[in-house]
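Look at the fold below and follow the helices in turn. The paragraphs that follow take them up one contact after another.

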Amino acid sequence: TPSHPSNSTQKHTKSSFMMDTPHEIRYPRSEIAFHVAKKAIQVCAVAGTLAGIPLAIFKDNQRDAHGILSETGQYATYGVAATAVLGAAKLSYKLATDVDEVGAYDRAFRLRHNESQKRVDKVTAITAVVGAIVGGVASSQCPKSDPLAGAARGAALGTAAGVLLHLVT
C-alpha cells in the first residue's frame, strides 16, 4: 500500500484521508469549483491570445506592436468572459449531479497536493497581476484608452503568459 493517499490510484473514504492530513477539507465541492474556474480562465486566456494574434494582424489590420497587443488582449478578454458565463453553468450542473461526497473529497485532496497545479496557479496569478498593472499604466498614457480595459487586457495576456512560462520551465 502507498504511504500517502495522493500516491494511490484508488479512491479513499473521507476518514482514510483524515488519518494523514492535519486539516479537513470542509468544502470540497467549492475547492473543485474554484479549481475548475481557474483552469477555465487559464485555458480561455491562452485560446483567446492564440486566436487574437492573427485576428489582430489580418482582420483588424494592426501593424504596430501596441495595436497588436491591445487587440490580442481584447480577444483574450473575450475568451475569459465567455468562461465566466458558460463555465459557471456547466460546473454547477456537473457538481450537483455527477460527483458524490467521497469523490469530491478525493478530488479536492488530490488538487491540494498536486505541486504542478499549485505552481501553474501561482505563476499565472503573478503574471496576471503584473499584466494588469502594465496594461493599466500603458493605457493611461494613451488619451483614447480606458485604463481599466487596459488592465483587463493585460491581466488576460498575463494569464496566458503565465501558462506558457509554466509549460516551458
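Which residues are buried in H4? They are Gly-103, Ala-104, Tyr-105, Asp-106, Ala-108, Phe-109, Arg-110 and Leu-111, where buried means under 20% relative accessible area, exposed over 50% and partly exposed in between, with a 1.4 Å probe and protein chains only. This is a predicted model, in which local features need pLDDT of at least 70 and side-chain atom pairs count only at pLDDT 80 or more, while totals for chains, interfaces and linings use all residues. Residues are numbered from 1 along each chain as its sequence is written, and side-chain values use heavy atoms, with hydrogens and water left out.

Helix H4 covers residues 101-112, which is twelve residues. Helices here are DSSP runs (H or I, at least four residues), numbered from the N terminus. From the first C-alpha of H4 to the last is 16 Å, close to the 16 Å expected at 1.5 Å a residue; the expected span is 1.5 Å times one less than the number of residues.

Next comes helix H2. His-35 is found in H2 and is buried, with a relative accessible area of 11%. Leaving out residues up to four places away in sequence, His-35 touches Arg-107, Leu-111 and Gln-117, a contact being heavy atoms within 4.5 Å.

His-35 also takes part in the packing of H2 against H5. H2 (residues 28-59) and H5 (residues 115-140) pack at an angle of about 60°, their axes 11 Å apart. Axes are lines fitted to C-alpha atoms, for helices over the stretch in contact, and angles run from 0 to 180 degrees between N-to-C directions. The two helices are therefore oblique to each other; under 35 degrees counts as roughly parallel, over 145 as roughly antiparallel, 65 to 115 as roughly perpendicular and the rest as oblique. On the H2 side the contact is made by His-35, Lys-38, Lys-39 and Gln-42, and on the H5 side by Gln-117, Val-120, Asp-121 and Thr-124. These divide into one nonpolar, four polar and three charged residues.

H2 also packs against H6 (residues 147-168), at an angle of about 100° and with the axes 8 Å apart. That makes H2 roughly perpendicular to H6. Ile-41, Gln-42, Ala-45, Val-46 and Thr-49 of H2 meet Ala-156, Leu-157, Thr-159, Ala-160 and Val-163 of H6. This contact has seven nonpolar, three polar and no charged residues; Ala, Val, Leu, Ile, Met, Phe, Trp, Tyr, Cys and Pro count as nonpolar, Asp, Glu, Lys and Arg as charged, and the others, Gly among them, as polar.
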